[in-house]
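Good morning, and thank you for coming.

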Amino acid sequence: MVNRDLPALDLLCDDRLVYTHSVGRRDDKTAFLAAVESGAVIYPTVEHEFDDVAAENGMAWTSGGIRASIAAGGQQIAVDALTTSVWVHRGNSWKLLALQATARA
């Protein structure tokens, strides 16, 4: 996301991706990748912290937080959110199936 490496980001995301942003907008994989590719959303910095990670039967779950700077719509946005993500094991790799970000209170 930070490097706007679309081929790598495409490989990391499952085709069924549901990406729910901390502002309440939801994207599927196509919309998420298009926003990154077009520059509609730019992620200059992203820092993740993981509190919990669990895996079972080809699926993994993470919980933690994210701090990021985002440029969108001509505005700089500071994100400080809690996240939950679900990963699925496909072939030889793990793919992001869902991410839910919620602004910290």
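Predicted model: local features only at pLDDT ≥ 70, side-chain atom pairs only at ≥ 80, totals over all residues.

Residues are numbered from 1 along each chain as its sequence is written, and side-chain values use heavy atoms, with hydrogens and water left out.

The protein contains two helices and six strands; helices (H or I, at least four residues) and strands (E, at least two) are DSSP runs, numbered from the N terminus. Along the sequence, their pattern is α-β-β-α-β-β-β-β. The radius of gyration is 13 Å, close to the 13 Å given by the globule rule for 105 residues, so the protein is as compact as a globular protein of that length. That radius is taken over C-alpha atoms, and the rule is 2.2 Å times the number of residues to the power 0.38. Along the principal axes, the C-alpha atoms fill a box of roughly 45 × 30 × 20 Å.

How much of the protein is buried? Buried residues make up 33% of the 105 residues, where buried means under 20% relative accessible area, exposed means over 50%, and partly exposed lies in between (1.4 Å probe, protein chains only). Of the contacts with a separation of 6 or more, 44% are between residues 24 or more positions apart; a contact means heavy atoms within 4.5 Å.

Let us now consider Lys29. This residue belongs to helix H2, residues 29–38. Is Lys29 buried or exposed? Lys29 counts as buried, because its relative accessibility is 8%. Its side chain reaches the backbone oxygen of Cys13 at 3.0 Å. Apart from its neighbours within four places in sequence, Lys29 is in contact with Asp10, Cys13, Asp14, Asp15 and Leu17.

Arg4 is not a glycine, yet it has a positive phi of about 55°. Arg4 lies in the segment before helix H1 (6–12) and, at 35% relative accessibility, counts as partly exposed.

Asn57, also a residue other than glycine, has a positive phi near 50°. Where is Asn57 found? Asn57 is in the loop between strand E3 (41–56) and strand E4 (59–72). With a relative accessible area of 72%, Asn57 is exposed.

Thank you for your attention.

How values were computed
Polar contact = N/O pair within 3.5 Å; in protein donor to acceptor, adjacent residues only side chain to side chain.
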